[in-house]
Amino acid sequence: MRRTNPLLLVAVAVVAGIAGFFVDQVLTGMGQPTFTPSPLLPILLVALGAAVVLAAIPVRRATAGTAAPVDPFRALRIAMLAKASSIVGALVAGFGGGLLAFVLTRPVSPSLGSTGAVIAAVGGGLLLVAGALVAEHLCTIRKDDDDDQPGPDEPGYGLSHSD
C-alpha cells in the first residue's frame, strides 16, 4: 500500500469546492435557501479523526516492539480506514470551501449561523485529514533487516518489495 498522495487530496478538495459552489448557485437560482451543513458534522468529523488515530496507536506500539503483536489484517484495515478518512476529509473541506466561497461572494451579507456552520465543517474536514494522515503514518513500518527483497529504507517512499 502506498501512502496517500497530497495531490490526490488537493484534487478532491478542488473538485468538491467547485461542486459546492455550483450546488449553492443552483439552489439560489431556483429560489431555495443556500445549503447549510448540520452543526453536528464537524463534531462527527473530529470524532472520526480521533478514533482513527486511537485505532492506529496500538499498531505503532506493536511495530516499535513495546506491545503485543497486532494482526496484520487489522493493521491493514486501520491503514485503509485512515486513507479513506483523509479523502473524505478533503471532500468535506473542499465542498464547504465552495459553499463558503459562494456565500462570501454574494452582495447580501450572509447570516452568521450559516456561515459559522460552513466554516466549522471546513475546519472539521481539515482536522479529519490531519488525523487520518497521522494515523496512516503510525501504521507504516520500516523495512526489516532480514528482508531478502530490496525495499526502501524509509517507510512509505517508493515501492516496497515486489510491488
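This is a predicted model: local features need pLDDT of at least 70, side-chain atom pairs count only at pLDDT 80 or more; totals for chains, interfaces and linings use all residues.
Biologist: What makes up the secondary structure of the protein?

Modeller: The secondary structure comes to four helices and zero strands. From the N terminus on, the elements run α-α-α-α.

Biologist: How much of the protein is buried?

Modeller: Buried residues make up 31% of the 163 residues. The protein exposes about 9800 Å², and carbon and sulfur atoms supply 69% of that area.

Biologist: Why is T4 called buried?

Modeller: T4 has a relative accessibility of 12%. Buried means under 20%, so T4, at 12%, counts as buried. T4 is placed in the segment before helix 1.

Biologist: Which residues are in contact with T4, leaving aside its neighbours within four places in sequence?

Modeller: They are L9, K83, S86, L133 and E136.

Biologist: What makes the pairing of the T4 and E136 side chains a polar contact?

Modeller: The distance given for the two side chains is 2.6 Å. A polar contact requires a pair of N or O atoms within 3.5 Å, one able to donate a hydrogen and the other to accept it. The pair at 2.6 Å is therefore listed as a polar contact.

Biologist: How do you know that N5 caps helix 1?

Modeller: A side-chain oxygen of N5 lies 3.0 Å from the backbone nitrogen of L7, at the N-terminal end of helix 1. The cut-off for a polar contact is 3.5 Å, so the 3.0 Å distance falls within it.

Biologist: How is the span of helix 1 judged against expectation?

Modeller: Helix 1 has 24 residues and reaches 35 Å from its first C-alpha to its last, close to the 34 Å expected at 1.5 Å a residue. The expected span takes 1.5 Å times one less than the number of residues. After helix 1 comes G31, whose phi is positive, near 80 degrees.

Biologist: Which residues of helix 1 are buried, and what covers them?

Modeller: L9, V12, A16, G17, G20 and D24 are buried in helix 1. Their cover includes helix 3 and helix 4.

Biologist: Why is F22 called partly exposed?

Modeller: F22, which is placed in helix 1 (residues 6-29), has a relative accessible area of 48%. Partly exposed lies between the buried limit of 20% and the exposed limit of 50%, so 48% puts F22 in that class.

Biologist: What makes the nonpolar surface patch that includes F22?

Modeller: V10, V14, I18 and F22 make a nonpolar surface patch of about 370 Å². Membership requires over 30% relative accessible area, and F22 has 48%.

Biologist: How does helix 2 compare with its expected span?

Modeller: Helix 2 (residues 40-64) has 25 residues and reaches 36 Å from its first C-alpha to its last, close to the 36 Å expected. G65 follows helix 2, and its phi is positive, near 85 degrees.

Biologist: Which residues of helix 2 are buried, and against what do they pack?

Modeller: The buried residues are P42, L45, G49, V52, V53, A56 and V59. They pack against helix 3 (72-104) and helix 4 (112-138).

Biologist: Why is T115 called buried, whereas L126 is called exposed?

Modeller: T115, in helix 4, has a relative accessible area of 11%, under the 20% limit, and is therefore buried. L126, also found in helix 4, has 52%, over the 50% limit, and so counts as exposed. Apart from neighbours within four places in sequence, T115 is in contact with L100, V103 and P110. The C-alpha atoms of L126 and V92, 34 residues apart along the chain, are separated by 8.4 Å.

Biologist: Why are I119 and A120 called partly exposed?

Modeller: I119 lies in helix 4 and has a relative accessible area of 47%. A120 lies in helix 4 and has 33%. Each value falls between 20% and 50%, so I119 and A120 are partly exposed.

Biologist: Where do the C-alpha atoms of I119 and A120 stand relative to P42 and P39?

Modeller: I119 and P42 are 77 residues apart in sequence and 9.2 Å apart in space, C-alpha to C-alpha. A120 and P39 are 81 residues apart along the chain, and their C-alpha atoms are separated by 7.9 Å.

Biologist: What share of contacts between residues at least 6 apart in sequence joins residues at least 24 apart?

Modeller: The share is 75%.

Note on methods:
Residues are numbered from 1 along each chain as its sequence is written. Side-chain values use heavy atoms; hydrogens and water are left out. Patches are made of residues with over 30% relative accessible area and no salt bridge: like charges are joined within 9 Å, nonpolar side chains (Val, Leu, Ile, Met, Phe, Trp, Tyr) within 5 Å. Accessible areas come from the Shrake-Rupley method with a 1.4 Å probe; for residues, only the protein chains shown count as cover. A salt bridge is a side-chain nitrogen of Lys or Arg within 4 Å of a carboxyl oxygen of Asp or Glu. Helices (H or I, at least four residues) and strands (E, at least two) are DSSP runs, numbered from the N terminus. Buried means under 20% relative accessible area, exposed over 50%, partly exposed in between (1.4 Å probe, protein chains only). Contact means heavy atoms within 4.5 Å.
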